[in-house]
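Please examine the sequence and the model shown below. The paragraphs that follow lead through selected features of this structure.

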Amino acid sequence: MGAFFTDPILLATVLGTNLPFLSMVAILIFTRSNPKLSCRISVGAIAFAAVCAVFLLAKLYSASPLQYQTLWLNSGRLNIAFGYYLDPLSLLMLTIVGVVSCLVQIYSLGYMAGDPGYSRYFAFQSLFAWAMMNMVIAGSMLQLFIFWEMVGLASYFLIGFYYEKWSASQAGKKAFVMNRVGDVGFFLGLIWLVIGFGNLGIPELNHAASTQGLPQNLLTVSALLIFCGVVGKSAQFPLLTWLPDAMEGPTPVSALLHSATMVAAGVYMFSRIFPFFAASPDAMAIALAIGTVTMLLSSTMAMVTYDLKQVWAYSTVSQLGMMVMALAAGGYFAGVYHLTTHAGFKALLFLCSGIFIHEFHTNDMRIIGKQGGRKLKIPMVCIAVGALALSGVYPFSGFFSKEAILGVLAAQPNKIWLAAGFFGAVLTAYYSFRLIFHILLPKGGVEGKPHDGHAESAHEHEDEHHGYIFWAMAIPVMILACVSLVLGFLEQPIEHFLLHAVQAHPVQHVSEHGGGGSDWLLIMGVSAGLFGIAVAWFEYGRKGASRNGFLSYFPAIWKLFDCRWFIDIFYRKSLDTFVYGGLTSLFTKNDRRVIDGGIDGICFFTEGSGRVFSFLQSGMLQYNLLIMVLAAGAAVLYFLI
Amino acid sequence: MNSLSTYLIISALLFSLGLLGILQRRNLIGMLIAVELLLNSANLNFMAFNRFLTPDPVVGQVIALFVMGLAAAEAAIGLSIILALYRKMHSINIERAQRLKG
Amino acid sequence: METSSLDIITHAAFWGTVALTIAGASIAVFPRNILYNVLGLALALTGIAGFYLFLGSFFIALMQLLIYVGAICIAIVFAIMLSRPLHLETPPRAVPKVAMGLAASAIFFVAAVSVALKTDWSPSPARVADGSLWSVENIGHALLTRYELVFEVISLVLLVAIIGAVITAGFSRRLS
């Protein structure tokens, strides 16, 4: 314990990651009724945590991975330790989580102002920050799993934040249950691993996997099962429908949890034990397939929806699919880099949308456009920046990460994945700019808000816009926009940082920037993005465009995309048939007929037998004597014979 | 005649008849009569054992006297109980006395 | 020959007594009329007195006649006098009850007879063939010296019985 206070790294780690927990406890127990104090505690804690994360990143920039651990469970071959594992990946992710959480909490100061559940919101934000940070630096898979679940819990609380609304609480439940379904597979994978390998420590796992220390079938089965956790948490096919529904939560929550950090936890976990996954080609192949399907499916769903947040939600699912594709194709750096840049511009997109929603009190992009969305300069510019980054346009960060991914996919023997990647890029650009053009260039021009008079409303908005709410929401957005611009140029330093420690365990990562084919790839990538933007312009942007979208000419396909490819309906039907119709009715019948019936039967039996035996008390003397004599005679005969 | 088992069988028969009377008769006094039969069969048993088995024949006779005295006492009390019961129930039918029926 | 004729007379008398007793017992148990029952009882008790004669005790036979037939049967007749005759109100007999009673007494009879026949009755070795032991004097002597307690206890019992009978009959008289 002495090392705790003398070692600045350990101190920074422990304090930084656990301070949000203390803030949550303090808010929930003490300052629930004092919103101002609660938000100050929470923002202070997360700011400190972000500073610690940056400090750690700076300190350990060129050091080898650091591991602190204490042995928790030791039984024969089984060794489970708890502790921290600080390698470049976890430090990078810690920084991302810390900084983005800090920015989002500052943003929430403005967005959630006046909400009755203000303190509760900040308490749960702190809970999330604590859980996520601890998950990131977890040293063993079990610890990671525990905090994985806590993150899911925080997500449940925050999605169902407006709990009086039926759809919100249902969405929270759906998110939690779907995550749980994935986590069953995850836990089974961990158990399989414990049985086969005996140690759940992450560096140990990676080392053993890469040095051929594990049998192949153990690897494949447990990798597939652990991948179920990724499917659940990162909303891959088939468990992807909870993420669009999770938009019921407040927009900052969507920005933080369901775009940048929590759903990226699945991808993060994948990359954490990347050597382990990479040692099993079958699991990687399946992951690649699932990632591709997810990416394409959700892109199509994003093309038909008019809800602002839903577009970005589907986009998140799609980009997560792309990250999984990259990792599954062997591109460790590509996947992680895309995770980083995606965190930046997706949070930006959500926060800007949040400003629009907060202003116009509607999620519908058409109404926002009509009522003068483009008049809000800062969010409009920043959302355009974000969309350009998402579509992979130079010089924004998305361009660089998308190129990296396409490079990895090009190295695959089967070119179908690359084609899917290109197609996905086209769709991504299309739906993002569909949204931008709806707000920027609405049909029939801007009409303004119908319910206020123009003069007073302009006046009010002037006042409001220059209050703290305005700056609280504007500053994080601007910071993230700058990040989206700059991050692309930091590709080389980040790659060097991530991979210098990877030399310790030889990972078959593909060199993403070598070879003559990269020029062709570059051109194809850029043109894919520009093609998508052009189609969107053609349909929505230019004057006199019909704004119906080419899909409206195929109503059947529109319906298919709109109904989320009937996945939800399928789930609902199977749930109704199997779970409610089958299991619950079985259990209800068992409860009523067997258990209650059994107890009732005992009562009836007791009562009935009592009634039967009461006939013995006839009150007639001679019957008593009769029984006596019979008994005596029988006894005598028995002893005689 | 001069064997113990004859007397034992006779007394067993008398006892069975007395038992039958107790179990089957509805008249209280009839039951009492049957009880007297029972007592007498026991007495006969004692006298028979006295005649054939005991060393000192006085003992059996003293016992027989004792039993007779007790039978008398019991008959007296039984009859007075029957009288009391009759005054209460206004009948000497035992099947009417079912206040203890549960 | 005389011994044989005496034997024949003795045997005939014995079996006659047996028949009398059984007949009396049957009359005491089976008929419905209570007076028949009492008279049957008297007959059976007389038969048993005859048995006591055959078993060698003249005194006990006389006592039997005196106490049972003379006192108890008369007391029963008095009780019959004081109560309402049952045959005016008898409902029909319950057949199961009769059947069960028959079965019970039959079982008991079988049990008792089997015990009696199966046991090996051996006379006590200290038996002496002394005729003077059977005299009344002997009984009186024994009652007052060796079996004094019996004598006193029976007196006490009779006293208590008398008092009890009087009280029981007396209380209920005040109630009705």
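**A buried serine and its surroundings**

Apart from neighbours within four places in sequence, A:Ser397 contacts A:Thr341, A:Phe345, A:Ala389, A:Ser484, A:Leu487 and A:Gly488, where contact means heavy atoms within 4.5 Å. This is a predicted model, in which local features need pLDDT of at least 70, side-chain atom pairs count only at pLDDT 80 or more, and totals for chains, interfaces and linings use all residues. Residues are numbered from 1 along each chain as its sequence is written, chains are lettered from A and ligands numbered from 1 in the order in which they are written, and side-chain values use heavy atoms, leaving out hydrogens and water.

A:Ser397 lies in helix H19 (residues 397–410) of chain A; helices (H or I, at least four residues) and strands (E, at least two) are DSSP runs, numbered from the N terminus. A:Ser397 counts as buried because its relative accessibility is 1%; buried means under 20% relative accessible area, exposed over 50%, and partly exposed in between (1.4 Å probe, protein chains only).

Elsewhere in chain A, strands E1 (residues 66–75) and E2 (residues 78–86) pair in the antiparallel sense over 9 bridges; pairing requires that DSSP find at least two bridges between two strands. A:Ser75 has A:Leu78 of E2(A) as its bridge partner. The two strands E1(A) and E2(A) form a hairpin with 2 residues between them, and A:Gly76 in the turn has a positive phi of about 65 degrees.

In chain C, C:Ile167 belongs to helix H6 (residues 148–175). C:Ile167 counts as partly exposed because its relative accessibility is 42%.
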